Amino acid sequence: MLRIEGLTITAGTAPLVEGLGVDLPEGQLCCLIGPSGCGKTSVIKWLAGILPPGLGAQGRVTRDGAPMARPDPALAYQPQADALFPWLTVAENAGLGLEIAGRSRRAARAAVAPLFAPFGLAGTEDLFPGQLSGGMRQRAAFLRTIVQDSRYVLLDEPFSALDAVTRLRMQDWLCARLAETPRGVLMVTHDLHESTQMADRILVMSARPGRIVADIPLTTPRAARSEAALAETRMTLKSLLLED
Amino acid sequence: MSLVHRIAPALFCAALLLLGWEVYCTRAGVSPLVLPPPSGVLRALQVERAEILRHAQSTLTVAALGFILSVSFAFLTSVALYFTPLLRRGLMPLLVASQTVPLVALAPLMILWFGFGLLPKVLLVILVTFFPILVSLLSGYRAAPRPFTELLTAMGAGRLSVFRRGILPAARPSFFAGLRISATYAIVATIFAEYAGARSGIGIYILTAKNTFRADLVLAGVVVSACLTLMLLGTLAGIDRLTARRFREAPHAAH
C-alpha cells in the first residue's frame, strides 16, 4: 500500500495542489482525472521525485507504513512524451532503467529480450526509435517501464500522443499487460472514456488548487464494461468535472 | 542524394565565377601585377608547389594542434561550468570579454611574449576557436529535452549519470555545429599568427609575396588556405559520420 498524505504543492505563493491524500493498494489501477492545470502531472512528478524547480511541496509518502524517499526503485515513472532516447536502440532504451539500477548492458538486454514478442515489438530490438510508428514507440516506452522491478507504476497521460484508434487498441493492450504482473498503477489522464474503460478506481481532482473531490470505484469487470454499463459513471464524472 | 548531386551546384557556381574572372582579365587588359587571372594563379601554384606545400604543412600542423587542444580544453571547461553554476557566473563574462580582444593587437604580443616557435601560434588558435566550441557545448547541454533528464532522475540516476546518458548525447548536434564554426576560424587564426611573425607557414608566405608585389602568389596562398579549411571541415564531417551511425539514423527530435 502506497499512502500519500497532506500533499500541498505551491508555485510561488499560489497553491497548485492542496491537502491531497490518496491510498494506492498494490494491484489496483487508479486513474487521476481532472481539468487541465489542476496539478495532476505535478502530483505524479512529485511522487517520482522529479518535481520541477520552482515548485514547492509538502506532504509525505509511506509504503506499507514506512516513510519513503524518492526517487525510489519501487516506483517506475513514465513521462507524458515517450522519451525514448533517439541515440539508443529500442533494446537499449527498454533496458535503460535496469542499467541505471546497476545491471550490465548485457544483463539488461537479456532481461528485456523475452518481452519484445508479447509487447508486439519482435524484430525491433536493434532499430532506433525514429524508425518506429507512434504505437510501437509507446509500447517500447511501456516495456521500459514494466521491466523495471517496481511495485508501483506512475503513468502521465500515456496515450496522449496517439491517434484515436491506436489509443483504443493500446488501452486494452496495456490492461492485459498490467494484469500479467499485478502492481499498483497511478495513471494521470483527462480522458473520461479512457479512465472509465481502464480503471479499478477513479480519483477526481478539482480545478486549481487541486484536491480530490470524488473517489469512485468501478466494480464492473473490464470485459463487461459496455457503453451502457458505463453511462452512469460517465455522467457523474462529467458533472464533477464541469462543476466549476 | 548522391555526392555528385550535392556538390554539382557549388562546382557550377565556382566555375562560372572563375570563368567570368578569367574573361574579365583578358578582355579588360588588367595588369597581372594588380589582378592575375585564375590561370595565372594556377600557374603560380604549380611552379611554387614544393615551397607552398612546405608552408601549408607548417600551417596545418599549428592549426590542427591548436584545434585539438582547444576542443579538449573547451570540453573540460564546459563540464566544469555545467556542474558549478557559480563558476559559470564567474567565468562567462571573462570569456565573453576575451572575445572582444582584437587579434591584430594580440598576435604581435603573443610573439613578443612567447617567441617565434609553435607556442604563440597554438595559443592564438586556441584563443580564437575555444569560445565557439564552449558556447555550443553549453547551449547543447541546455537543449537536452527535459523528459529525458527527468526520466533518468526518476530511474535513480545521479547527476553524473544523467549528464553522461542524457545531456551529453543530446548536446552532440550542437557540439558539431560549434566544431564546424571553430574549424573555419582555426586556419585563419593560424595565418594571422604567422603574419605577425613566423619562420614558415602560409601566413609568412603571403606576407613575403605581398612584399615582392606578387599578387599571383598571394592569391595562391589564399587558395591553399581555403583548401586547408575545407580539409579540416571534411575531416570533421568524416568523424561525424564514422562515430555515430545512431545519431544520423535517428533524427534528434524531442517529441
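Predicted model: local features only at pLDDT ≥ 70, side-chain atom pairs only at ≥ 80, totals over all residues.

Q: In chain B, what share of the contacts with a separation of 6 or more comes from residues 24 or more positions apart?
A: That share is 73%. Two residues count as in contact if their C-beta atoms, placed from the backbone, lie within 7 Å.

Q: Thanks! How many helices and strands does chain B have?
A: Chain B has 12 helices and zero strands. Helices (H or I, at least four residues) and strands (E, at least two) are DSSP runs, numbered from the N terminus.

Q: And how much of chain B is buried?
A: 35% of its 255 residues. Buried means that 20 or more other C-beta atoms lie within 10 Å of a residue's own, with C-beta atoms placed from the backbone.

Q: Switching topic: how many residues of chain B are in contact with chain A?
A: 20 residues of chain B are in contact with 21 residues of chain A. On the chain B side, α7 (146–154), α8 (159–170) and α12 (245–249) each supply at least two residues.

Q: Now the core. Which residues touch the most other members of the largest nonpolar core?
A: A:Leu32, A:Leu154 and B:Val125 do, in a core of 123 residues. A nonpolar core is a set of buried Ala, Val, Leu, Ile, Met, Phe, Trp, Tyr and Cys residues joined through C-beta atoms within 7 Å. Helix α6 (residues 118–142) of chain B gives the most to this core, 13 residues.

Q: Why does the core lie between domain 1 and domain 2 of chain A?
A: Because domain 1 (1–74 + 151–161 + 180–244) and domain 2 (83–149) both give residues to it. The domain bounds come from an automatic or database domain assignment.

Q: What is A:Leu154 in contact with?
A: Leaving aside neighbours within four places in sequence, the contacts of A:Leu154 include A:Ile44, A:Leu47, A:Tyr77 and A:Leu186.

Q: Last one: what's the strand order in the open sheet of chain A?
A: The four strands go β2-β1-β4-β5, with antiparallel pairing. Strands pair if DSSP finds at least two bridges between them. β2 (14–24) and β5 (66–67) of chain A are the edge strands.

Terms used:
Residues numbered from 1 in each chain as written. Chains lettered and ligands numbered in written order. Buried ≥ 20, exposed ≤ 12 C-beta atoms within 10 Å, placed from the backbone.
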